[in-house]
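Dear colleague,

Please find below the structure that I am handing over to you.

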Amino acid sequence: MIDSQTILQWTGCLLGVAGSIALARNDRYSGWGFVAYLASNAAWFAYGYAGDIPALALQHVVFGAVSTFGVWRWLVLPRIKARAGHQLATTVALTTASSDR
């Protein structure tokens, strides 16, 4: 039977590899690598905490913060900027249309 520690190790490993591959692709889906990293960080933190390995647990708290920043920069912020740009373009179009009358 597979124990929870083994599951945590392999989950952390595979999600970390998936995150690295996603970022290395450097395409429009690369930001999802940080989501994979975040899940990997959670698995490694749980492994370190449950196994009484405080250095590993602390390391993945810090990596989790960096991964959260990556999610913000790659996924959240571009959507906020795109939405703001769309709203600005709509406002400009409406202003231009009303001044043409």
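The model is a predicted one, in which local features need pLDDT of at least 70 and side-chain atom pairs count only at pLDDT 80 or more, while totals for chains, interfaces and linings use all residues. Residues are numbered from 1 along each chain as its sequence is written, and side-chain values use heavy atoms, with hydrogens and water left out.

**The chain as a whole**

The chain has 3 helices and 0 strands; helices (H or I, at least four residues) and strands (E, at least two) are DSSP runs, numbered from the N terminus. The order of elements from the N terminus is α-α-α. The mean pLDDT (the predictor's confidence in each residue, from 0 to 100) is 91, and 86% of the residues reach 70 or more. Confidence is highest in H2, with a mean of 98, and lowest in helix H3 (residues 54-99), with a mean of 85.

Of the 101 residues, 22% count as buried. Here buried means under 20% relative accessible area, exposed means over 50%, and partly exposed lies in between (1.4 Å probe, protein chains only).

Contact means heavy atoms within 4.5 Å. Among contacts in the chain with a separation of 6 or more, 53% are between residues 24 or more positions apart.

**Helix H2**

The 19 residues of H2 should span 27 Å at 1.5 Å a residue, and the end C-alpha atoms are 27 Å apart, which agrees. The expected span is 1.5 Å times one less than the number of residues in the helix. The buried residues of H2 are Gly-33, Phe-34, Ala-36, Ser-40, Asn-41, Ala-43, Tyr-47 and Gly-48.

Which residues does Asn-41 touch, not counting residues up to four places away in sequence? They are His-60, Phe-63, Gly-64 and Ser-67. Asn-41 is found in helix H2 (residues 32-50) and counts as buried because its relative accessibility is 7%.

Phe-34 also lies in helix H2 and is buried, with a relative accessible area of 14%. Not counting residues up to four places away in sequence, Phe-34 touches Leu-23, Ser-67, Gly-70, Val-71 and Trp-74. The C-alpha atoms of Phe-34 and Val-66 are separated by 8.8 Å, although the two are 32 residues apart along the chain.

**Aromatic residues**

Rings of Phe, Tyr and Trp (its six-membered ring) pair if their centres lie within 6.5 Å; planes under 30 degrees apart count as stacked, over 60 as edge-to-face and the rest as tilted. By this rule there are 4 aromatic pairs. In one of them, the rings of Phe-34 and Tyr-37 have centres 6.0 Å apart and planes at 70°, so the pair is edge-to-face. Phe-34 and Tyr-37 both lie in helix H2, 3 residues apart, about one turn of the helix. Tyr-37 counts as partly exposed, at 21% relative accessibility.

In another pair, the ring centres of Phe-45 and Tyr-49 are 5.9 Å apart and the planes are at 20°, so this pair is stacked. Phe-45 and Tyr-49 are likewise both in helix H2, 4 residues apart, about one turn of the helix. Phe-45 is partly exposed at 33% relative accessibility, whereas Tyr-49 is exposed, with a relative accessible area of 63%. One aromatic cluster is formed by Phe-34, Tyr-37 and Trp-74.

**Two loop residues with positive phi**

Most residues other than glycine have a negative phi. Asn-26 is not a glycine, yet its phi is positive, at about 50°. Asn-26 is found in the loop between helix H1 (4-25) and H2, and is exposed, with a relative accessible area of 59%.

Where is Asp-52 found? Asp-52 is in the loop between H2 and H3, and its phi, near 55°, is a positive value in a residue other than glycine. At 67% relative accessibility, Asp-52 counts as exposed.

With kind regards
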